[in-house]
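Colleague: Could you take me on a close look at a single part of this model? I am new to reading structures, so please go step by step.

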Amino acid sequence: MSVSKKCLLGAGATFVALTGLAVSTLGGIEPTNANSIYNQQAPRLLARRQKELTMVFPSRSDSTDLQNKANAVAAFLSKESGIRVKAQIGDDTAAVEALRANRADVAFLSSRPALKAEQLANARLHLAEVRENYSGRFTYHSVFVVPKDSPLQTKNNAKSTLEQLRGKRMAFTSPTSGSGFIFPVGELVKQGFVPNRDRMDGFFGQMTYGGNYSKALQAVVRGQADVAVVSEYALFPPYITAEERSKLRVLHRISGVPAHGIVIDDDVNAVVREKLINAMLKLNQPQNNQLLRSLYNSTELVRVDHNRHLAPVKDALKRVGIEP
């Protein structure tokens, strides 16, 4: 365990306060706080942990029957890596807390929780998901969406296009959403329309938060908002129907939003980590690919550099004025 991780083991409450999200409980063995006991048991505990890894699969709106699908993936990874992998279900916040508290070793995470996992648990993102509806293979677009018959038009540059939003009714996804809040607000800051996330009321006539992609888009469809911001893949089922999609169009796109990926805790030694990564990459093979697709509709896993992949969200957070 790294020194930074030891120092941050008590930071769970701070994390919850920063994100404003509820923490789910994941079962597991709680780490002892007695240094003397830890020093005596550490080698034995580490050896045991390397023979069994707990992997968290966050629930998402486009995933169904997730526990059974996660169990099937865990069984495949166990067979291919020679290390028993146990699947658990929990949201992004619970997954980061489990990594911090040594109740989990691996997790599928979106970009901002992946940064939080690095901060609190010294975990790093090693693989990213690829989807057929991602414009950048393992990056995607945050999109400003308006009614099909909206008078707002795409101009020849971002500033001219976004200037039209002044005084309009905006439907964000949620204050913690990357593509549905952080990236679009970061773009507004970059173009000089707002100074930060706390001072947008002088630009928009009204702001609401849908809570998810579907509700933000439906606010536009129903005439309750003039524009919404979501991920590009939210313009397709199961988020909205084809009929709803026909009533909408994209006004502006922000590229480079990092795809979700797989974070591995620093307690997992390098040899075991490579075995696990290689086993995950076998999910790309045609005979195994349906196991991967069944989870979150991703088609492939690719190796990525943690810092390079997450740099865009770090920059956006800094512009908006939010800590990771």
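**A sheet and the helices on it**

Modeller: Happy to! S6, H8 and S7 make a right-handed β-α-β unit, and this is a predicted model, so please keep that in mind as we go.

Let's begin with the strands. S6 covers residues 169–172 and runs parallel to S7, with four bridges joining the two. To find the pairing by eye, look for Ala171, which stands opposite Thr208 in S7. S6 also has a partner in strand S8 (residues 227–231): these two run parallel as well, and two bridges join them. Ala171 is a handy landmark here too, as it stands opposite Ala228 in S8.

Now step back to the whole sheet. It is open, it has five strands, and their order is S7-S6-S8-S5-S9, with mixed pairing. S7 and strand S9 (248–258) are the edge strands, and each of them pairs on one side only. Direction ignored, neighbouring strands of this sheet are turned by 20 degrees against each other on average.

Next come the helices. H8 lies across strand S5 (139–147), S6, S7, S8 and S9, and it runs at about 90 degrees to S9. Helix H9 (residues 213–221) packs on the sheet as well, touching S5, S6, S8 and S9. The direction of H9 makes about 150 degrees with that of S8.

What follows H8 on the way to S7? Gln191 is in the loop between helix H8 (178–190) and strand S7 (206–209). Is Gln191 buried or exposed? Its relative accessible area is 17%, and buried means under 20%, so Gln191 counts as buried. Leaving aside residues up to four places away in sequence, Gln191 touches Ala158, Lys159 and Leu162.

For comparison, let's visit another helix, H12, which spans residues 289–296. Its buried residues are Asn289, Leu292, Leu295 and Tyr296. Seen down the axis of H12, these buried residues fall within an arc of 125 degrees, so they line one face of the helix. The general rule behind such a pattern is that an α-helix has 3.6 residues a turn, so residues three or four places apart point the same way. What do the buried residues of H12 pack against? Their partners are strand S1 (52–57), helix H4 (66–81), strand S3 (106–109), strand S4 (124–130) and strand S11 (300–303). Just after H12, Asn297 takes a positive phi of about 65 degrees.

Val130 is buried, with a relative accessible area of 6%. Not counting residues up to four places away in sequence, Val130 touches Arg137, Phe138, Ser298, Thr299, Glu300 and Val302. Val130 and His260 are 130 residues apart in sequence, yet their C-alpha atoms are 8.7 Å apart in space.

A last stop is Ala98, which sits in helix H5 (residues 92–100). Ala98 is buried, with a relative accessible area of 0%. From Ala98 to Thr54 you count 44 residues in sequence, while the C-alpha to C-alpha distance is 9.5 Å.

Technical notes: Residues are numbered from 1 along each chain as its sequence is written. This is a predicted model: local features need pLDDT of at least 70, side-chain atom pairs count only at pLDDT 80 or more; totals for chains, interfaces and linings use all residues. Side-chain values use heavy atoms; hydrogens and water are left out. Buried means under 20% relative accessible area, exposed over 50%, partly exposed in between (1.4 Å probe, protein chains only). The arc is that of the directions from the helix axis to the C-beta atoms. Contact means heavy atoms within 4.5 Å. Two strands pair if DSSP finds at least two bridges between them. A crossover is right-handed if, with the strands pointing away from the viewer, the path from the first strand over the helix to the second runs clockwise. Axes are lines fitted to C-alpha atoms, for helices over the stretch in contact, and angles run from 0 to 180 degrees between N-to-C directions.
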